Amino acid sequence: MHALLCASLNAQVTQEIFESFKLQERRDVKYYFPEDYNKEKKYPLIVVLDGEYLFDQVVANAKFYHKFHGMPASIIVGVEQSKKSIRFDDCAFDPDSGLPSEKAKKFFEFLGMEIIPYLVLRTALHLSK
């Protein structure tokens, strides 16, 4: 279940509350689509963690490098992680083994099995294998 929080700003950025079955919680997520977005074209994806702090800067840099340095126009998704310092849980690992914690494994699955497939179904996202 996904609920759209606000429609768009300049038809480029949308924000929604994403209901994650993997995490069993809701996450605030922002999406940027290039100004000349066309569903017939394919776009690379940039995933931004700590989206509440870094999303706008990554969008600005992507737009700059697209315009002046030949970077392909990209779809950008920002996952917010500031509430209750969940960023530490999302990226936690066992100091002895170096392996991700259970919560970090679920966060990885949230990105790879929920966010990315959601975008593939609804946008012109290009995934290279």
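Author: Strands β2 (residues 13-20) and β3 (residues 25-32) pair in the antiparallel sense, with 8 bridges between them. Strands here are DSSP runs (E, at least two residues), as helices are (H or I, at least four), numbered from the N terminus. Two strands pair if DSSP finds at least two bridges between them.

The model is a predicted one, in which local features need pLDDT of at least 70 and side-chain atom pairs count only at pLDDT 80 or more, while totals for chains, interfaces and linings use all residues. Residues are numbered from 1 along each chain as its sequence is written, and side-chain values use heavy atoms, without hydrogens and water.

The pLDDT, the predictor's confidence in each residue from 0 to 100, has a mean of 88 over the chain, and 88% of the residues reach 70 or more. Residues 1-11 have pLDDT below 50; this stretch has 21 contacts in the model beyond near neighbours in sequence. A contact means heavy atoms within 4.5 Å.

In the hairpin, 4 residues stand between β2 and β3, and Q24 takes a positive phi near 60°. S20 has E25 of β3 as its bridge partner.

Of the 8 residues in β2, 6 are buried. Buried means under 20% relative accessible area, exposed over 50%, and partly exposed in between (1.4 Å probe, protein chains only). E16 lies in β2 and counts as buried because its relative accessible area is 3%. The side chain of E16 makes a polar contact of 2.5 Å with the side chain of Y31. A polar contact is a pair of N or O atoms within 3.5 Å; within protein, one must be able to donate a hydrogen and the other to accept it, and residues adjacent in sequence count only if both atoms are side-chain atoms.

Y31 also belongs to the largest nonpolar core, of 18 residues, where F18, Y31, F110 and I115 touch the most other members. Such a core is a set of buried Ala, Val, Leu, Ile, Met, Phe, Trp, Tyr and Cys residues joined through side-chain atoms within 4.5 Å. β3, β5 (75-79) and α3 (102-122) are the elements that give two or more residues to this core, and α3 has the largest share, 6 residues.

A second polar contact to follow, of 2.8 Å, joins the side chains of R27 and D90. D90 lies in helix α2 (residues 86-90) and is buried, because its relative accessibility is 3%.
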